[in-house]
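I set out below what I looked up in this structure, entry by entry.

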Amino acid sequence: MNATIYDVSRLSGVSIATVSRTFANPERVRDATRQKVFEAAEILHYSPNAIARAMARQQTDKIAFLICKKDATILDEFYARICESIMRRTIQSDRQLVISTAADWVQVAGTAQNKQVEGVILGGSAQADMVSEFQGKQIAVVLVNNRMPGFDLPCVVSDEYGGVRLAVEHLIQRGHRDIAMIAGRFSPYIVGERYNAFLQVMEEHGLEAGARHVAMCDPTVESATQAALELLKRKDRPTAVFGANDVAAAGVLKAALRLGLKVPEDLAVVGFDDSTICGMVEPELTSVHIDCRRIGEVGVDCLHALLNGETCPPVTVIPAGLRVRGSS
């Protein structure tokens with residue numbers, strides 16, 4: 001028969017309320033009493049029931065990770081990497097994790113699952129009304145891969161400017177001076193950060209970065225290919241192209257192939273995200289690496305801090321790196 005809280009109370013010689021408080025808030029129990037309770041629990045192989053403990057504290061110990069990206073699924077590669085890290089970090093705590101897309105979450109709004117969550121990590125382009133609703137319900141909120149001016153909540157982001165600098169300076173070191181950018185219409189925050197960083201780094205090196213050096217596309221390989229074809233058919237075509245993400249860069253590689261351009265001899269290409277695409281194309285794609293593992297870990301740590309009544313930095317920037325491969 002499994003031991004109960006009553007058995008621990010009887011063996012330790014303290015009240016049931018004290019046993020419950022020892023497991024729920026050990027810092028509020030005297031050292032000697034806490035030691036008695038833990039020793040009795042060890043002898044009896046007693047493990048406090050998480051649900052009962054949560055009910056006693058009027059808390060659920062449940063957090064959620066919501067992927068806020070249009071048409072995304074929980075299998076989205078970039079957020080799946082962050083999600084895996086969040087799962088691993090959460091397992092180390094007593095909390096439970098719910099994973100969903102923002103769209104699916106909205107469809108089940110008002111359900112018991114929605115009401116039971118104490119905190120959420122929002123990945124990507126979260127809507128302001130969703131953030132406001134969570135905060136209005138006293139639900140802790142942390143953003144990852146996004147920043148939202150006007151909201152008082154922690155944000156965990158990759159060093160977008162540093163990543164772009166690595167990419168552009170890598171191309172400059174390879175002798176390129178006429179460098180263009182293919183920017184995809186995906187997350188407004190990400191596009192804005194990478195686009196502005198590209199212009200700034202080019203200017204810092206005294207290189208032109210006018211309208212002819214930037215082409216926009218939808219977040220698909222097909223759209224990126226068409227944008228790149230228009231860019232590369234010009235007589236004054238660039239000798240290198242920076243893709244705002246790996247999808248955009250893959251489109252550049254396809255366009256180069258169709259035009260008979262050799263990569264990297266005729267055209268160097270660099271992407272951003274270091275996704276599985278990099279190893280699926282030929283030549284393999286040089287790309288800026290985002291430390292998704294660390295983003296997820298810090299996101300969970302920030303959320304736990306908020307739930308424990310502690311503070312955490314308003315913005316945490318995770319360093320980026322560059323993975324050099326055959327395309328550059």
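At what angle do helix α9 and α10 pack, and how far apart are their axes? I find an angle of about 45° between α9 (residues 160-173) and α10, with the axes 9 Å apart.

**Entry 1: basis.** I note that the model is predicted, that local features need pLDDT of at least 70 and side-chain atom pairs count only at pLDDT 80 or more, while totals for chains, interfaces and linings use all residues. Residues are numbered from 1 along each chain as its sequence is written, and side-chain values use heavy atoms, with hydrogens and water left out. Helices (H or I, at least four residues) and strands (E, at least two) are DSSP runs, numbered from the N terminus. Axes are lines fitted to C-alpha atoms, for helices over the stretch in contact, and angles run from 0 to 180 degrees between N-to-C directions.

**Entry 2: α9 and α10.** The angle of about 45° makes α9 oblique to α10; angles under 35 degrees count as roughly parallel, over 145 as roughly antiparallel, 65 to 115 as roughly perpendicular and the rest as oblique. I recorded the crossing of α9 and α10 as right-handed, the term for a near helix turned clockwise from the far one by less than a right angle, with anticlockwise being left-handed. For contact (heavy atoms within 4.5 Å), α9 supplies E160, Y161, V164, R165, V168 and E169. Their partners in α10 include Y189, I190, E193, R194 and F198. By class, the contact of α9 with α10 holds 9 nonpolar, 1 polar and 6 charged residues. Here Ala, Val, Leu, Ile, Met, Phe, Trp, Tyr, Cys and Pro count as nonpolar, Asp, Glu, Lys and Arg as charged, and the others, Gly among them, as polar.

**Entry 3: α11 and α12.** Helix α11 (residues 221-232) packs on α12 at about 55°, with the axes 7 Å apart. This makes α11 oblique to α12, and the crossing is right-handed. Among the contact residues I listed V221, A224 and L232 of α11, and V247, K254 and R258 of α12. This contact divides into 11 nonpolar, 3 polar and 2 charged residues.

**Entry 4: α1 and α3.** I then looked up helix α1 (residues 5-12) and helix α3 (residues 31-44), which pack at about 120° with their axes 9 Å apart. They are therefore oblique to each other, and their crossing is right-handed. D7, V8, L11 and S12 of α1 meet K36, V37, A40, A41, I43 and L44 of α3. The classes are 7 nonpolar, 1 polar and 2 charged.

**Entry 5: the largest pocket.** How many residues line the largest pocket? I find 40, of which C68, K69, K70, D76 and Y79 lie nearest its centre. Elements giving two or more residues to this lining include β1 (62-68), α5 (77-91) and α8 (128-136), as well as α10 (188-204) and α12 (246-258). The lining divides into 19 nonpolar, 8 polar and 13 charged residues.

**Entry 6: backbone.** Most residues other than glycine have a negative phi, and most peptide bonds are trans. I noted a cis peptide bond between V263 and P264, with omega about 10°; P264 is in the loop between α12 and β9 (268-273). Another cis peptide bond joins E282 and P283, with omega about -5°, and P283 is in the loop between α13 (277-280) and β10 (286-289). D273 has a positive phi of about 125° although it is not a glycine; D273 is placed in strand β9.

Technical notes
On a 1 Å grid over the protein atoms alone, a cavity is a set of points where a 1.4 Å probe fits but cannot get out, and a pocket is an open set with protein on both sides within 12 Å along at least five of seven lines; lining residues have an atom within 4 Å of a point.
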